[in-house]
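I'm opening my notebook on this one and jotting down what I look up as I go. Here is the structure I had on screen.

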Amino acid sequence: MSIIHKTTLTPTKLELLTAWLPAQPWYAATGRAPELSKAGGFRLDDPKGDVGIEFMVVQDASGDRPAWYHVPMTYRAAPLDGADRALIGTTEHGVLGRRWVYDGPHDPVFVTQLLALLQGRAEPQAQSVSHTPDPSVTAELTGAGSDVPAEAGSDVPAGGGSDVPAGAAEAPAVADGPDATRLVVADGGPALEVTRVLRPESGAETTEAVRGHVTAGWQLPDGGEARGRFVVLRDAVS
């Protein structure tokens, strides 16, 4: 289970994101530098213990009204080959030393563990407390999702990938849209949509072509909580 070290990060995650977010196509520019605060999230474990995986929600208060962005990140002890464009930055961890911070959808370990979460093979963990599952995070996979591979780029279906080493496959092709990041799990298979822009007033999301989803919550300025789909698994569109 996740171990959260109570130590320093220099620069902090929010400082890294303040510099990185404005260059993303799904970020709504306000004409000012982002004013970020952490609003929620959760973690997943890497079975090998090598890669940190965090689903973070940040609130940006730089505009006329707050905006919420979902930024999954991975933390590594060395650079990830071929992922230079996904590098958010590097930071010095008070216990673990230098960490390379990546945009999660580009990291094969992130994608593999996200699929495991959808398939019920991984348990969401609290964002800031060690060894503590987070039951508020829910994952659902419909019957139509039973052929989802165990990892990105693999043809091994759900339930048949127990002998597949986590993160062994390459990360899938990633495409950013105005509200989400889309990645095809396998050739001709379904696609993962990682929601980037979270809207508390969105209401019921469409269920068209949906095979599964991950739902979690985030904090609002008035102390309330909003919930929404952080990730959706859909049929691939040709």
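This is a predicted model: local features need pLDDT of at least 70, side-chain atom pairs count only at pLDDT 80 or more; totals for chains, interfaces and linings use all residues.

I started with Gly 228: buried or exposed? Gly 228 has a relative accessible area of 7%, so I put it down as buried. (Buried is under 20% relative accessible area, exposed is over 50%, and partly exposed is in between, with a 1.4 Å probe and protein chains only.) Gly 228 sits in strand S14. I also looked up Val 214, 14 residues away along the chain, and its C-alpha atom is 8.5 Å from that of Gly 228.

Residues are numbered from 1 along each chain as its sequence is written, and side-chain values use heavy atoms, with hydrogens and water left out.

Next I checked the confidence. The mean pLDDT (the predictor's confidence in each residue, from 0 to 100) is 86 for the protein, and 83% of the residues reach 70 or more. Residues 155-169 have pLDDT below 50, yet this stretch has 31 contacts in the model beyond near neighbours in sequence. (Contact means heavy atoms within 4.5 Å.)

Then I turned to helix H1, residues 13-20. (Helices are DSSP runs of H or I with at least four residues, strands are runs of E with at least two, and both are numbered from the N terminus.) Its buried residues are Lys 13, Leu 16, Leu 17 and Trp 20. They span an arc of only 95° around the axis, so they lie on the same side of H1. (The arc is taken from the directions from the helix axis to the C-beta atoms.) I reminded myself that an α-helix has 3.6 residues a turn, so residues three or four places apart point the same way.

I picked out Leu 16, which is buried at 11% relative accessibility. Its C-alpha atom is 6.3 Å from that of Gly 89, 73 residues apart along the chain. Not counting residues up to four places away in sequence, Leu 16 touches Pro 11, Ile 88, Gly 89, Thr 90, Thr 91 and Val 101.
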